[in-house]
Amino acid sequence: MPNWNSNDIVFMRCAIDLSLRGEGFVEPNPMVGCVIVRNGRVVGEGWHKKYGGPHAEVHALKAAGANAKGAIAYVTLEPCSHFGKTPPCADALIAAGIKRVVAAVKDPNPLVSGKGFAKLRKAGIRADVGLLKNEASYVLAPFISCQTQCRPYVILKWAQSIDGKIATRTGDSKWITCEESRRAAHALRARVDAVIVGIGTVLADNPDLTARMAKPKRIATRIVLDRFAQTPLKSMLVTSASKSPTMICCGRPAGRNAKAQQRRMAALMKAGCEVRELPLVKNRIDLVALLHDLRMMGATNVMVEGGGQVLGSFFENGLADEAHIFVAPKLIGGSAARASLECMGPQKIDDIIGLRLVSVLPSGVDVCYRIRFDVANPGRK
C-alpha cells in the first residue's frame, strides 16, 4: 500500500465530490470524478455527466490540455480498458502523457477489474489504488451492488413518529412529517429508477409516487407488490399509468379465484400498467426475483416506501442497503398503530443487524436519519 500524503488525500476527496454531480444522470454507469494535478496544482477537473457520454477522465484531460503531460490523475474508479459506449479511458490517459494514476477503487466489472491498471503499467505509468477507498465506495455503492450482487441498490424510506409509528391504529398517516421532509422524500424519488410499495399502501393511501415536489433527474417506475392484482382501476397509479410507468407485480393466478385474478390483470394491462407475474415465497412476492428482474431492466437504484410489511420484508431478508428515516416530533402510541418494520425481528440483541450512521440532519421540524446496513455483520442474512 502506498504511503499517501496530505495532498493525495485532498485531491482524491475533490474527485469524490466531483463524482456526486453525476447522481441521477449517469446510471446504470457509475458516478466517477477525476482531478488532474501538475506540480501540486489542479490543471483539470471532470466527472461523468450523463449516461453514454464521455467519462470523467476524458472531461478532466480536455480541461487540462497540454498540462496533462507529466501530471497525476486522481480518479475515483479504475480507468476502463475496454470499448463500451466510449473508448477506453486508460488509452486516453496514456496518450495524454499522464505519469501517475491514483485510483480509489478497483473496478468490480469483470470487463475491467485490474485490466485498466495493467494497461497503464505496461505503458510505464505508475498506478496506485486504495486511496479513500471507503469514501469512494459509498458513492459507487449502486454500481458495485449491480456488479457483485446482480441487483439494484435498495433504499428504504419511511416517515415515523418518535415512537416508531408510521400510521395510527386506523391507518391514517397524512401527514406525520412536515412539508420539508416530504420535499426531501420527493428528491429521493427523483433520482431512483423505481419506487416500490405494497398493495396495502395503495388501498390505504392511494399514493401518486411521483416526484412532483422535486425536479426529476430520472423517471421512476412505480411498482406495486400486489399478489392478487387488487390495485383499483380508479387509483392514482393506474389512472396516471400513461404518463408515469407503473408495474403491478402479481403471483401466478391459481385456485378457484384464478379467472377473476386474470380478468383484473387484463384490465390493469388495458389501463396501461405493466403486469408482471413473479414467483411467491411464503405466499408473498419473491423480492429476490423482483430485484433480479429490475437489474435486467437496467435499474441501478430502487426505493422502497412501504408499508411496514414490505419494508420489514426487505430488511429481514438482507435486501436493504440504505435507509432514510424521517422522524417527526410526535407521539402516536397504541399497540394497534402501524410500526415501521413489521417483521419477525431478532430473538436476541446480539442478532441485531449492524448499522452505520451516515448523517443526522434537520428537516424542517423533523430529523432525517440516513443509515447504511452493515453487510459485514455476521448476523445479516
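In which hand, left-handed or right-handed, does helix 2 pass helix 3? The crossing of helix 2 past helix 3 is left-handed. The structure described here is a predicted model.

## Confidence of the model

The protein chain has a mean pLDDT of 91, with 97% of its residues at 70 or more. Among its elements, the highest mean pLDDT, 98, belongs to strand 10 (residues 246–250), while the lowest, 86, is that of strand 16 (residues 338–339).

In residues 375–381 the pLDDT falls below 50. Where pLDDT is low, the predicted coordinates should not be read in detail.

An open sheet is built from 9 strands in the order 11-10-9-8-14-6-15-18-17, and its pairing is mixed. Strand 11 (274–277) and strand 17 (355–363) are the edge strands, each pairing on one side only. From one strand to the next, the twist averages 20°.

At the edge formed by strand 11, strand 10 and strand 11 run parallel and are joined by 4 bridges. Within this pairing, M247 stands opposite E274 of strand 11. At the edge formed by strand 17, strand 17 and strand 18 run antiparallel, with 8 bridges between them. These two strands form a hairpin with 2 residues between them, and G364 in the turn has a positive phi of about 65°. S363 has D366 in strand 18 as its bridge partner.

Strand 5 runs parallel to strand 4 (residues 100–105), and 4 bridges join the two. R100 stands opposite R126 in strand 5.

## Packing around helix 3

Helix 3 (residues 89–96) packs against helix 2 (residues 56–64), their axes coming within 9 Å and crossing at roughly 20°. Helix 2 and helix 3 are therefore roughly parallel to each other. The contact brings E57, V58 and L61 of helix 2 against C89, A92, L93 and A96 of helix 3. By class, the residues of this contact are 6 nonpolar, no polar and 1 charged.

Helix 3 also packs against helix 4 (residues 115–122), at an angle of about 20° and with the axes 9 Å apart. Helix 3 and helix 4 are therefore roughly parallel to each other. Here helix 3 passes helix 4 in a right-handed crossing, whereas helix 2 passes helix 3 in a left-handed one. A90, D91, L93 and I94 of helix 3 meet G116, K119 and L120 of helix 4. The contact of helix 3 with helix 4 contains 4 nonpolar, 1 polar and 2 charged residues. L93 takes part both in the contact with helix 2 and in the contact with helix 4.

How values were computed. Residues are numbered from 1 along each chain as its sequence is written. This is a predicted model: local features need pLDDT of at least 70, side-chain atom pairs count only at pLDDT 80 or more; totals for chains, interfaces and linings use all residues. Side-chain values use heavy atoms; hydrogens and water are left out. pLDDT is the predictor's confidence in each residue, from 0 to 100. Contact means heavy atoms within 4.5 Å. Two strands pair if DSSP finds at least two bridges between them. Axes are lines fitted to C-alpha atoms, for helices over the stretch in contact, and angles run from 0 to 180 degrees between N-to-C directions. Angles under 35 degrees count as roughly parallel, over 145 as roughly antiparallel, 65 to 115 as roughly perpendicular and the rest as oblique. A crossing is left-handed if the near helix is turned anticlockwise from the far one by less than a right angle, and right-handed if clockwise. Ala, Val, Leu, Ile, Met, Phe, Trp, Tyr, Cys and Pro count as nonpolar, Asp, Glu, Lys and Arg as charged, and the others, Gly among them, as polar.
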